[in-house]
Amino acid sequence: MFALAFVALAGFAAIAKAKTPPPPMGKADEKAAAVAAQLDNALGGMSAWGSVPYVRFDFVVVKDGKEVARFRHWWDKRHGMDRVEGPDDKGRMVAAIVNLQTRKGKSFTAGLPDRDSSEVAAQVDNAYQRWVNDSYWLMMPFKVRDPGTNLKYSGVKKGSNGVDYEVLELTFDKGVGLTSGDHYWLYVNPKTHLMDKWDYLLESMKPPAASATWEGWTKVGPVRFSTMHHFQGKPAHLQFENVATPSSMDESIFTDARPKY
């Protein structure tokens, strides 16, 4: 099974499907909806995000200046497939390919197909959870108006840097995704209309909420991603590397055991 990074699983599972008409939005008060629309425009827009067929990224955890975890993803966003590669708790490289709709798939350990059905199921389930966690840290700002979301304008709060942030409180309807009890506060910079940080209280956590930055905003293809997150009060950060939105991917990525570095 993939070795777990220390970053807590954050966010619910946004299942990637074939392109369809825009789904109904979640609930939001008028001011929250306006701030969210500005955020969306700053990111490149939902239509641009919807047009992206593939996303490639590495989810990298750094602690005390040393890389402690790296998970490589090849996400077929259009067809709802993800390949994730990373080490298991024995240091062996595991590659798992998961259908994000059915949560079924296949896995390979040290380049060989896993044969035991229970082992495959465990590897694929873990890969699905890795995709939920890792992709949410990358694409969350595109998800604030998804069905099942509740967005509330929580006023203006001055940051330690002197910026008067517009704060959006994000919660979810019961039963949405894997962890509907998660609770977020998004700090949107009124000058850039991008997030500078968030506070989060996951359903697995006890108060107070934790905080992490959203920085290193980078234009990748038609959209913008935050590629750096520092954790308040911890000698650690999360960074995204090899981020790309290619127009195509070799189909062997989703069939072949060989590593796809």
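A nonpolar core is a set of buried Ala, Val, Leu, Ile, Met, Phe, Trp, Tyr and Cys residues joined through side-chain atoms within 4.5 Å, where buried means under 20% relative accessible area, exposed over 50% and partly exposed in between, with a 1.4 Å probe and protein chains only. In this predicted model, the largest such core has 55 residues. Residues are numbered from 1 along each chain as its sequence is written, and side-chain values use heavy atoms, with hydrogens and water left out. Because the model is predicted, local features need pLDDT of at least 70 and side-chain atom pairs count only at pLDDT 80 or more, while totals for chains, interfaces and linings use all residues.

Here is a tour, grouped by topic.

**Nonpolar cores**

- Trp49, Trp137, Tyr184 and Trp198 have the most contacts inside the largest core.
- Helix H3 (residues 117-139) gives the largest share of this core, 10 residues; helices (H or I, at least four residues) and strands (E, at least two) are DSSP runs, numbered from the N terminus.
- A second, separate core has 10 residues, among them Trp74, Ile97, Ile253 and Ala257.
- As background, nonpolar side chains tend to be buried together in soluble globular proteins.

**The sheet of 9 strands**

- This open sheet has the order E7-E6-E5-E4-E3-E2-E15-E14-E13, with antiparallel pairing; two strands pair if DSSP finds at least two bridges between them.
- Strand E7 (112-113) and strand E13 (215-220) are at the edges with a single partner strand each, so one side of each has no neighbour in the sheet.
- E13 runs antiparallel to strand E14 (residues 223-230) and is joined to E14 by 5 bridges, with Trp217 having Ser226 in E14 as its bridge partner.
- In strand E5 (residues 93-99), 5 of the 7 residues are buried, so E5 is largely enclosed by the rest of the structure.
- Strand E4 (residues 81-87) is joined to E5 by 7 bridges in the antiparallel sense, and Asp82 has Val98 in E5 as its bridge partner.
- On the other pairing of E5, 5 bridges link E5 to strand E6 (residues 105-109), again antiparallel, and Ala95 stands opposite Phe108 in E6.
- Arg56 belongs to strand E2 and is buried, with a relative accessible area of 10%.
- The C-alpha atoms of Arg56 and Trp74 are separated by 4.8 Å, and the two residues are 18 residues apart along the chain.

**The sheet of 6 strands**

- This open sheet has mixed pairing and the order E1-E8-E9-E10-E11-E12.
- Its edges are strand E1 (27-28) and strand E12 (210-213), each with a single partner strand, so one side of each is left without a neighbour.
- Strand E10 (residues 183-188) and E11 run antiparallel, joined by 6 bridges; the bridge partner of Leu186 in E11 is Trp198.

**Aromatic rings and charges**

- There are 20 aromatic pairs, counted when rings of Phe, Tyr and Trp (its six-membered ring) have centres within 6.5 Å, with planes under 30 degrees apart called stacked, over 60 edge-to-face and the rest tilted.
- Phe57 and Phe240 have ring centres 5.8 Å apart and planes at 65 degrees, so this pair is edge-to-face.
- Phe57 sits in strand E2 (residues 54-63) and Phe240 in strand E15 (residues 236-244), so the pair ties together parts 183 residues apart in sequence; both residues are buried.
- The Tyr136 and Trp198 rings have centres 6.4 Å apart and planes at 35 degrees, so this pair is tilted.
- Tyr136 lies in helix H3 and Trp198 in strand E11 (residues 195-201), so parts 62 residues apart in sequence are tied together; both residues are buried.
- Ring pairs link a cluster that includes Tyr136, Trp137, Tyr184, Trp198 and Trp217.
- Lys77 lies over the face of Trp49 at 4.4 Å from the ring centre, and Arg130 lies over the face of Phe71 at 3.9 Å; the rule asks for NZ of Lys or CZ of Arg within 6 Å of the ring centre and within 35 degrees of the ring normal.
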